[in-house]
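This report walks through a structure in short sections.

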There are 2 protein chains.
Amino acid sequence: MNNKTIVLASRPTGTPTAAQFQFEKREVPTPEPGQLLLKTLYVSVDPYMRGRMSAAKSYIAPFAVGEPITGGVVAEVVESHNPQLPVGSVVVGNLPWQQYSVADAKTLNRVPADKAPASYFLGLLGMPGLTAYFGLLDICQPKVGETVVVSGAAGAVGMVVGQLAKIKGARVIGTAGSDEKVAYLKSLGFDEAINYKTTPNLGKALAAAAPHGIDCYFDNVGGAITDAVYDHLNKHARIALCGQISMYNATEVPTGPRPEGKLLKSSSRLQGFIVSDYLPRWPEGVAQLTEWYTEGLLKSEETITEGFDQIPAAFLGLFTGENTGKAIVKVA
Amino acid sequence: MNNKTIVLASRPTGTPTAAQFQFEKREVPTPEPGQLLLKTLYVSVDPYMRGRMSAAKSYIAPFAVGEPITGGVVAEVVESHNPQLPVGSVVVGNLPWQQYSVADAKTLNRVPADKAPASYFLGLLGMPGLTAYFGLLDICQPKVGETVVVSGAAGAVGMVVGQLAKIKGARVIGTAGSDEKVAYLKSLGFDEAINYKTTPNLGKALAAAAPHGIDCYFDNVGGAITDAVYDHLNKHARIALCGQISMYNATEVPTGPRPEGKLLKSSSRLQGFIVSDYLPRWPEGVAQLTEWYTEGLLKSEETITEGFDQIPAAFLGLFTGENTGKAIVKVA
């Protein structure tokens, strides 16, 4: 049986290209006692994976050159040596970009297929949703009537952040990179949405959108948007530093106006985080997100690309803003 | 009776000079019922006052041009219309740069002259000491064996930060601008001290001084020192953002390497603050600092300039690093 695999061919300098991804045909692995053979259904492509392509020390170990890329995957159990996950079970876990793989049951979570589409457990009800949940609710802690800004608002994390902030009674402003995304954010209930690519003066646009200043900032992007937000921080503002996608492909250390003076004057708090900082609280997060989804308080948007061979293209599209909502590749 | 006063003559562009300070002779004011006539004994000059010389919005209102500069002052009651503060009482408060002034008793705190020299209530046991106390103990929360870096370590706040970190069992590294200050920090018990002016590679020096990385950073200075610290942050580092003296006289927005990527990867927390954020806890802070001082666990260094006319020079000296420890002007 054919088993396509994508390995890291080389480390990128600057923006990754298709050349970094090598397709190989591997044997379908044989599960050991207690293990499962899994057929990949959906592959998640996420901005944080850019960091793992580099050798630089970061919060997760780099991918190894010549080894399969791994990430969030929804898969179906096609051979089971563990009674808890019988054939036909749908699971989510950190798995290789590969059509078939084996894994221990304890590294997987069963997808409750009756609750939501399976792919949602890679997005709204998975890692990106949890990132929004803990970053916004634990770090930013928006209060009723406060103003929340989220950059990369139409991405997998941002779309959840904005909706959670609305649930908490805040005024929500999102930034995104196209008029279609701006319209999408409005449809989600964002109070204001700014197309950062076509807005001539981001500072003015933010000041107009946030007449009472900014209390919370959930940053997925960094750079010019962040600089503009920092000019409008209210006293005791809270900043969840989640991502800096505008700089992930930089080849030199990015420079900009130093933020410390503005953070100091406003007694602001900035907290860098990664969702795994909250690992012990993931079950709580999934349960709450699922409840709000079931109640109709949370919606999900997905940009689904079809075909295993399209995984690299879908990943590269994250950096040109191709996706609205969660970027997913449907493999089988 | 002559009553010399220093008023703000004009707002500085860049580094302030003596031209910004105008000496005037005013009438000795007459206290109203319930008020006190105060004779200024010690005037505190502090870096934060630079911010008040500018018109820009900050955490405290700007000084008004043509009006007396105000700041921390220790004074003696020479005429009392309030039985709680009889003639001869020594008090500390926010008062004008003036030989004699009047104030309501409720805006003043009595100096417990039996506990420590009166000028210490402008430094170790006053606003700078409280700044160190809350910034280090509330924001940084150093644990036994952790590594704490403090910039501007030989200043009024920094000297206290380092000593408090030693009380908490941390390894303490200070940066300062002269070999004399480095020697002073060593005498205070700092584990390492770095002369940032003569050290060719701050990053290498910090790496050598902090072989296990940096857990806490108390920043009074900003700029190149901060950039170097951010390269060595441990996971879940805590940064108390207290001052940015290296940039207070900048005439353009200071630029530098963007810090967000480093803060993100280390899941670090950065908190800007001003000591007044902790106003309700000041009595606790003064009591604890006084207790540690009485026990011999805290020492104070002062750079005392003599004479009312020397106040502007003492203030300007803050920006050229003239002071070791607290800069004080002895007026009478």
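## A proline between two strands

In this predicted model, Pro86(A) sits in the loop that runs between β4 (70–80) and β5 (90–96) of chain A. Is Pro86(A) buried or partly exposed? Its relative accessibility is 36%, so Pro86(A) counts as partly exposed.

Leaving out residues up to four places away in sequence, Pro86(A) touches Val77(A), Ser80(A) and Arg110(A). Leu36(A) is 50 residues from Pro86(A) in sequence. In space, the C-alpha atoms of Pro86(A) and Leu36(A) are 8.8 Å apart.

Which residues does it meet, beyond its neighbours within four places in sequence? Tyr48(A) is in contact with Tyr59(A), Ile60(A), Gly71(A), Asn94(A) and Met127(A).

Tyr48(A) and Gly243(A) are 195 residues apart in sequence. Their C-alpha atoms are 7.8 Å apart in space.

## Chain A as a whole

Chain A has nine helices and 16 strands. Its C-alpha atoms fill a box of roughly 60 × 45 × 35 Å along the principal axes. For 332 residues, a compact globule would have a radius of gyration near 20 Å. Chain A has 20 Å, which agrees. Of its 332 residues, 56% are buried. Among contacts with a separation of 6 or more in chain A, 67% join residues 24 or more positions apart.

The accessible surface of chain A is about 13300 Å². Carbon and sulfur atoms supply 52% of that area. On the charge side, chain A carries 29 positive and 30 negative side chains. The centres of these two sets lie 5 Å apart.

## Cysteines without a bond

How many disulfides does the structure hold? Over all chains, there are zero. Cys216(A), for one, is in no disulfide. Its nearest cysteine sulfur belongs to Cys140(A), 4.8 Å away. Cys216(A) is buried, because its relative accessible area is 1%.

The cut-off for a disulfide is a sulfur pair within 2.5 Å. Cys140(B) has 0% relative accessibility and therefore counts as buried.

## Helix α3 of chain A

Helix α3 of chain A covers residues 158–167. Eight of its ten residues are buried, so the helix is largely enclosed by the rest of the structure. Which residues are these? They are Gly158(A), Met159(A), Val160(A), Val161(A), Gly162(A), Gln163(A), Leu164(A) and Ala165(A).

Gly169(A) follows α3(A). Its phi is positive, near 85°.

## Positive phi at Gln141

Most residues other than glycine have a negative phi. Gln141(A) is not a glycine, yet its phi is positive, about 45°. This glutamine lies in the loop between α2 (127–140) and β8 (147–150) of chain A. Gln141(A) has a relative accessible area of 41%, so it is partly exposed.

In chain B, Gln141(B) has a positive phi of about 45°, again without being a glycine. Gln141(B) is placed in the loop between α2 (127–140) and β8 (147–150) of chain B. With a relative accessible area of 42%, Gln141(B) is partly exposed.

## A threonine in β15 of chain B

Thr303(B) belongs to strand β15 (residues 302–306) of chain B. Its relative accessibility is 25%, so Thr303(B) counts as partly exposed.

What does Thr303(B) touch, not counting residues up to four places away in sequence? The partners are Glu322(B), Asn323(B), Thr324(B), Lys326(B), Ala327(B) and Ile328(B). One of them, Thr324(B), is 21 residues from Thr303(B) in sequence. C-alpha to C-alpha, Thr303(B) and Thr324(B) are 5.9 Å apart.

Notes: Residues numbered from 1 in each chain as written. Chains lettered and ligands numbered in written order. Predicted model: local features only at pLDDT ≥ 70, side-chain atom pairs only at ≥ 80, totals over all residues. Heavy atoms only, no water. Helix = DSSP H or I, 4+ residues; strand = E, 2+ residues; numbered from the N terminus. Rg over C-alpha atoms; globule rule 2.2 N^0.38 Å. Buried < 20%, exposed > 50% of the residue type's maximum accessible area, 1.4 Å probe, protein only. Contact = heavy atoms within 4.5 Å. Areas by Shrake-Rupley, 256 points an atom, 1.4 Å probe, with all protein chains shown as cover. Lys, Arg positive; Asp, Glu negative; His and termini not counted. Charge placed at Lys NZ, Arg CZ, Asp CG, Glu CD.
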